[in-house]
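Good morning, colleagues. Please look at the sequence and the structure on the screen while I describe some of their features.

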Amino acid sequence: MAASVTRKVKKSGADKVFDVILYVCSVLIFLLVLYPLYFVVIASFSDPSAVAGGQVWLLPKGFTLDGYEEILRHSEIWIGYRNTIFYTLLGTAVGMVVNIFAAYALSRKDLVGRKFFMMLFIITMFFNGGLIPTFLTIKDFHLYNTWAVMIVPFSVSTYNIIVARTFFENNIPEELNDAARIDGCGNLHYFFKIVLPLSKAILAVIGLWTAVGMWNSYFNALIYLKDADKYPLQLILRNILITSNMQMSFGSGEAMQIALRLSSLMRYSVIIVSTLPIMCFYPFVQKYFNQGVMIGAVKG
Amino acid sequence: MKRLKGRDENQAGLWLRIRRNWGLYLMLLPALVLLLCFTYRPMYGVLIAFKEYKASNGILGSAWADPWFKYFKKFFDSFQFGTTIRNTLVITLYGLLVFPVPVILALGINQMRDGRYRKVFQTVTYMPHFISTVVIVGLITLLLSPGSGVFGAICNLLGFEAPNLMGSAGAFKHLYVWTDVWQHAGWDSIIYIAALSGVDPSLYEAATVDGATNLQKIRHVDIPMLLPTAVIMLIMRMGNLMSLGFEKVYLMQNDLNLSSSEVISTYVYKIGVINTQYSYSAAINLFSTIVNFVLLILVNKISKRLSENSLW
């Protein structure tokens, strides 16, 4: 990308130097961020020995789809995929309902006890029972090793509530509610018929944040799930990418070599397969993510 | 407060105001119930840190530890005490040192005049933020593997043997912090870009008239504008000094780097979930929460005195 500076104003020498440095640095950062990701893409299509030998830099070498074929044979990846989609869809729905509802209620200045309720939420940003007391609570509620534990108990997000509340406070004029009330419109009716249609932006923000968080997290699954057939994708990935216990320690030397190379190839491919949905999705919804941070920033 | 003041012409009692808004309470209910069950109830469960917790006896039924601070003392006396605290502090403080990176990034992005270039640059630098921790750590492991990664290949090209960075205790903190910068600096800059977009354009115009260079505008207009946001962000980070996130550290941990990668949260997990020493684990956890809270108050107070920026 050419560093075209469109400003027509006469520039001082210092500013010209500044611009050059700015664009050189930004291009470097650009490459630094993008190249590792690009490398994974080309490595996933390349002969693993060429990757190991340092011959893959700009384009795939010894083009192969073996890594992707290997993924097709791993049924646990697809089970994980299915579970993650299920958890993400349902979890996002629950999270939206819980947090948006609470945020709207807390945004209303005529809610008696508003300050107290807000305190209840904010305290949880600084205090929590900690891992073990929470773990024991989940067991007491018989939620351990159930799919519900991935969706319900941890769906409240104080941060999301604060962001959504700020949005409602700043974007829904109070007069609207006064008018609606005079017309005999109850709170719930008012919320669904008038507030929600005006709040598409914040719904998108909270929904996307929740969905991405759900898709990417592994902690709750690690702690609260026992059966592999309930594992979300990220936990399966962890086994493949990080704890991958080399199960092919037997067999002849040559067979083992092939298996080893295949496993490293498959790891590149599995990164692509698991990250692709978010990466495809992301550029289109990026503006909503930005908006969310900015709404949140208003309150600090 | 018996009588309601203010412009609300409905001077009826509190009860009427509550009843009129029953719909709002209904909306608040789900979040409140979940909060009470899964956040506040565990807070009461912290009691087990002072007890000899047995699942069969429940929280109240279990006997008190003797003395009550038995498990805290056990932690203070254990050889893991120094290690976990030191590792946690080293990594979080190191993380604070790179705190200016997103600020600088935001200042740079704010100077980009070409709208399309700026947009592409932002899209790309935000992108890694959306990749999961598992994949990021998998990526690091793959790329840095001395035998088959790109790092090994570069080292070979330069003519020396690649060190096993993932298995090196000394490299752990650098790897942890800089990969975090790689992943999140772009995203973290958004909040500063937002603050900069609030700068009154007439300030820049005035500066231009006065013959200020870009660098001088950054120094005298942009940076003062960012300071309050930066201070708030810093306070928030300080309040989490002891609660270094579990997810990434745990994934990056292996037997070779354990001496510098065992932090409080991973230790709590191992003692509690893996070794099922519930009371001991809860005590360690509680200790770090308290330290965090004290730090938060302290930093907030200092900041209030120095710069009038504070959380409350």
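B:Asp114 caps the N-terminal end of helix α7 of chain B, with a side-chain oxygen 3.1 Å from the backbone nitrogen of B:Arg116. Helices here are DSSP runs of H or I with at least four residues, numbered from the N terminus. This is a predicted model, in which local features need pLDDT of at least 70, side-chain atom pairs count only at pLDDT 80 or more, and totals for chains, interfaces and linings use all residues. Residues are numbered from 1 along each chain as its sequence is written, chains are lettered from A and ligands numbered from 1 in the order written, and side-chain values use heavy atoms, leaving out hydrogens and water.

Helix α7(B), residues 115–126, reaches 16 Å from its first C-alpha to its last. Its buried residues include B:Tyr117 and B:Phe121; buried means under 20% relative accessible area, with a 1.4 Å probe and protein chains only.

A:Phe39 is among the residues touching the most other members of the largest nonpolar core, which has 174 residues. Such a core is a set of buried Ala, Val, Leu, Ile, Met, Phe, Trp, Tyr and Cys residues joined through side-chain atoms within 4.5 Å. Helix α10 of chain B gives the most to this core, with 14 residues.

Note on methods
Buried < 20%, exposed > 50% of the residue type's maximum accessible area, 1.4 Å probe, protein only. Helix = DSSP H or I, 4+ residues; strand = E, 2+ residues; numbered from the N terminus. Expected span 1.5 Å × (residues − 1). Polar contact = N/O pair within 3.5 Å; in protein donor to acceptor, adjacent residues only side chain to side chain.
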